[in-house]
Amino acid sequence: MAAMKKLYLVTTGFPYPAKSMETYLETETQYYDSFDEVNIISLGVRRKTLGEKRTINCKCKVNIFPIVFGTKMTYIINGICAFFDRNFYREILELWKERKLNFRRLIRLIIYISRAHFDARRAIKTMGLDKKATVKDVVIYSYRFEYQPYVALLLARYFDNPTLISRAHGYDLYEERNCDQYIPARRLLLKEFNKVYLISQDGYDYLADKFPEYKGKMAISRLGTLDNGIEKCENKGKSFRIVSCSNLVPIKRVDRIISTLSKIKTQRIEWVHFGSGEEESKIKKMASETLGENVNAVFEGRVENRKVLEFYRNNAINLFINLSDSEGIPVSIMEAMSFGIPCIATNVGGTSEIVVNGINGYLIDDEDDEYIAGKVDSIATMNAEGYRQLRDAARNTWEQKFNAKKNYRVFIEEIKNI
């Protein structure tokens, strides 16, 4: 009789509503049914959202363990834990050798290790783990590659030779995107983990270049979205409908979308944005003051992912636009392309692995807003055959690279058998 295989997923917020909620993880969890049991360790959950968790669409047994976010004072007091962790001193030595040690990074390291210990202790208590009764046949999987895998490393002590794996996406991978250009314990985690999966070739190249000695532990495993079918859509309707989907935060540069659309004067445009954030008031004010009467801006706010997909399914979408300063590979673009929607996007991170310039949309390098507006206008005025080719190419890109059923089935079988 085959041994039961259990998955312990360490994530942030999911499946509870939160600003940090892993919106797209919901799709991946649908393919966990080849495990006998799935245990979701949800870090940083806000107490007020405890009764609002979403249903996990997985046929196997699923247990959810919320780890409630502590107060600032709790984390400050808990900071002393870092000084009792020998990895704290190893990381300081590593920083010193690389001439990267400074006060800000030292504080970052203390917060990183102390928070990981705090969350790990709560998880151990919540799950009732006991070192004397170690659990066998376990995969511990961190969905992010920041402090979450250090929590997984601490939990691993309570399991019998577990498989340790992690994904790495964007902010949790590229150190330059962090305020101190530093994410602690990179080398330590690569040493201790069995495998780290990068979601893009760009991410793989980045990590392999920094830590070539651990290249054998790295692999590419792309994310994916469900098959939503391709809809016929003309680019000559009453208005040219453009959609964007992101948090309203500086790095997403939604203000640049407004600047771009303000330069288009000859097309009637409906621009629909999904998402909210710290810049919401600023963005809405800018849209009101900047966009011409030919552009109707609709802000839908933060909505569940399924509702975004319903909108795509029930409405004719002509173009998706993403002018972010930083990305891994945007899942929002994968979703759009699954419907056959062409895209315009900035050439950052792994975006060029999904948007092929002139084939399924356009990539933007250092061009100005006037240039981007010209590309929007060129799609809006494209003849029927040319536009159909754009849409077919978008759908084909999704089918070949970002089909969830293909990607996640392969990923799950691989991590089960490491």
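Begin by selecting the charged side chains: the protein chain carries 64 positive and 54 negative ones, with Lys and Arg counted as positive, Asp and Glu as negative, and His and the chain ends left out. The centres of the two sets lie 5 Å apart, each charge being placed at NZ of Lys, CZ of Arg, CG of Asp or CD of Glu.

The model is predicted: local features need pLDDT of at least 70 and side-chain atom pairs pLDDT 80 or more, whereas totals for chains, interfaces and linings use all residues. Residues are numbered from 1 along each chain as its sequence is written, and side-chain values use heavy atoms, without hydrogens and water.

Next, display the C-alpha trace, which spans about 70 × 55 × 45 Å along its principal axes. Of the 418 residues, 57% count as buried, that is, under 20% relative accessible area with a 1.4 Å probe, protein chains only.

Switch to the cartoon to see 14 helices and 13 strands; these are DSSP runs numbered from the N terminus, with helices (H or I) of at least four residues and strands (E) of at least two.

Now select strand β6, residues 195–198. K195 and Y197 point one way from β6, V196 and L198 point the other way, and all are buried.

Notes
Buried < 20%, exposed > 50% of the residue type's maximum accessible area, 1.4 Å probe, protein only.
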